[in-house]
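Hello,

Here is the structure I promised to hand over. Have a look at it first, and my notes follow below.

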Amino acid sequence: MFEGISTQLLFGQVLLGLINGSFYAMLSMGLAIIFGLMSVVNFTHGAQYMLGAFIAWLLLNYLGIGYWPSLVLAPVLVALTGMVLERLLLRPLQGLDHLYGLLATYAVALIVEGLVRYKYGSTGLPYDNPMPGGINLGFMFLPYYRLWVVVFSLVTCIGTWILIEHTKLGAYLRAANEKPQIVETFGINVPKMMTLTYGFGVGLAGLSGVLAAPIYQVSPSMGSSLMIVVFAVVVIGGMGSIVGAAITGYMLGLVEGLTKVFYPEAASVVIFMFMIISLYLRPAGIFADKESV
Amino acid sequence: MNSLAMAREPDARASAAVMLKIDNLSAWYAESKVLHGMSFDVREGELLTLIGRNGAGKTTTLRSIVGIVQKRTGSIRFRDEELVGKRTFQIARLGIGYCPEERAIFSSLSVRENLFLPPVLREGGMTDEQLYATFPNLKARAGSQGTKLSGGEQQMLAIARILRTGSRLLLLDEPSEGLAPVVVKEIGEIIQRLKAQGFTIVLVEQNLRFARMVADRHVVVENGKVVDILSNAELEADMGRVKSYLGV
């Protein structure tokens, strides 16, 4: 049935799908965490992802700080700027219609992208692969760095899941997602928790950006092109469903990769077709619990 | 039982220190004024009910004390602290536990997680053993999803989770609502036991029989004002007086 298709191509695309899925998963997880607690659709997410990659590039080119320290430093910096943004811009919008947060974060995304484009142009900046080489598996060649991205993203997603589902901190987060006022009557500083949560969510975006830098080129628009798909992922998984976001991310990355093998013409639209079907069948998302429908 | 509370007679309670003093409290939901100058106080170790018709402002009074209703004027003094102007989490940390009418059990948390969610804020809270001794059902169902419990169990959970925190003032909003008589009785016994352990309790209650069973004094609320305050003995002696307020 699949005669014309070489295993090389098939596994190559599966790997590419997993790579893309890794970014979808990490980004949509951050979005879902932020949306769950703050009801903010964080349109700055793509810019914060780009910022992560860009900070890594700046650290390397101006301070000589390499990939590994950047993997920690850049996300922390993105998280810090995110927390400042939350305090100055998002907190005053709390309690207003979702649209305000959405527009405000979108505006910030445009500003950040514009500034980077103004200073560094829109052509991609190269970032050297910190793990050159690879391993020949017989049926395909597996570059080490790509393997690292998939493994690291899986560990990050599972770690985030454990943090949220199986720790006290996560219990506060889940509880505050449901009934923030009640959590506050227990003496929890919920506004501060929102700031930290926003920092964590966008920190994940920054981390994804650093991971992406050696694979994709560092460019101002690297985030916005990815975010269109990531928003589709979040909608399919269910806004606010953290596990759903991650699983859907990997799944759709794979679907996209496989579509490239079997019907390349549909590869760029397959995720949106999924979105339409899932909106039709389960409007609140595949992984949304019934109560949030 | 706590020896501190055992010796306390009603007369002693009447002279006990004022723990919570509410003076000329007004409160608003957005633009609509719901409380119009409430004044009453709650003494250390006392069990006070707020009674009155639906919409009289009883729930709003509790929500104003804990700061969920932020727009308020007048004064709410808890021991030496003024609560008007404070945020909810700051108020809670002074040692005020709040059990809302809707119980607010978290569906994404297990019973155990619900129970242990509120952090211990100060000393003197119940230990885990004491909690499970008081609420054995919750131990048996610790792993279940919080909202899978029966209404009565959810109510117990909502009360239980604020007993660990070291809060000495408990605000309970209609714990008997919507529950079977046998469960109401059980909750009444638990509340009496809490009182005996020295907790100070403000109870919003529509169920007069339940209120009589547990309370020292009753504050009658009407249209956001206090229209009468009477001791439980006075209530027993003159049920007509209260029933006329409640319109029953």
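Let me begin with the interface: 19 residues of chain A are in contact with 28 residues of chain B (contact means heavy atoms within 4.5 Å). Please keep in mind that this is a predicted model, where local features need pLDDT of at least 70, side-chain atom pairs count only at pLDDT 80 or more, and totals for chains, interfaces and linings use all residues. Residues are numbered from 1 along each chain as its sequence is written, chains are lettered from A and ligands numbered from 1 in the order in which they are written, and side-chain values use heavy atoms, with hydrogens and water left out.

About 2000 Å² is buried between chain A and chain B, with carbon and sulfur atoms giving 58% of it (buried area is the accessible area, 1.4 Å probe, that two parts lose on being put together, summed over both). Of the area that chain A buries against chain B, 31% comes from A:Glu184, A:Thr185 and A:Phe186, more than from any other three residues.

The rule finds two salt bridges across this interface of chain A and chain B (a side-chain nitrogen of Lys or Arg within 4 Å of a carboxyl oxygen of Asp or Glu). In a salt bridge, the side chain of A:Arg174 meets that of B:Glu113 at 2.8 Å, N to O. On the side of chain A that touches chain B, α6 (168-178) and α7 (180-184) of chain A each supply at least two residues, and α6(A) gives the most, with six residues.

Now to the sheets of chain B. Helices (H or I, at least four residues) and strands (E, at least two) are DSSP runs, numbered from the N terminus, and two strands pair if DSSP finds at least two bridges between them.

Six strands of chain B form an open sheet of mixed pairing, in the order β6-β7-β8-β3-β9-β10. Its edge strands are β6 (96-99) and β10 (225-231) of chain B, each pairing on one side only. Within chain B, β3 (residues 47-51) runs parallel to β9 (residues 217-222) over four bridges, and B:Leu50 has B:Val219 in β9(B) as its bridge partner.

Four strands of chain B make an open antiparallel sheet, ordered β2-β1-β4-β5. Here β2 (32-43) and β5 (81-82) of chain B are at the edges with a single partner strand each, so one side of each has no neighbour in the sheet. Strands β1 (residues 18-29) and β4 (residues 72-78) of chain B pair antiparallel over six bridges, with B:Asp23 opposite B:Ser75 in β4(B).

Best wishes
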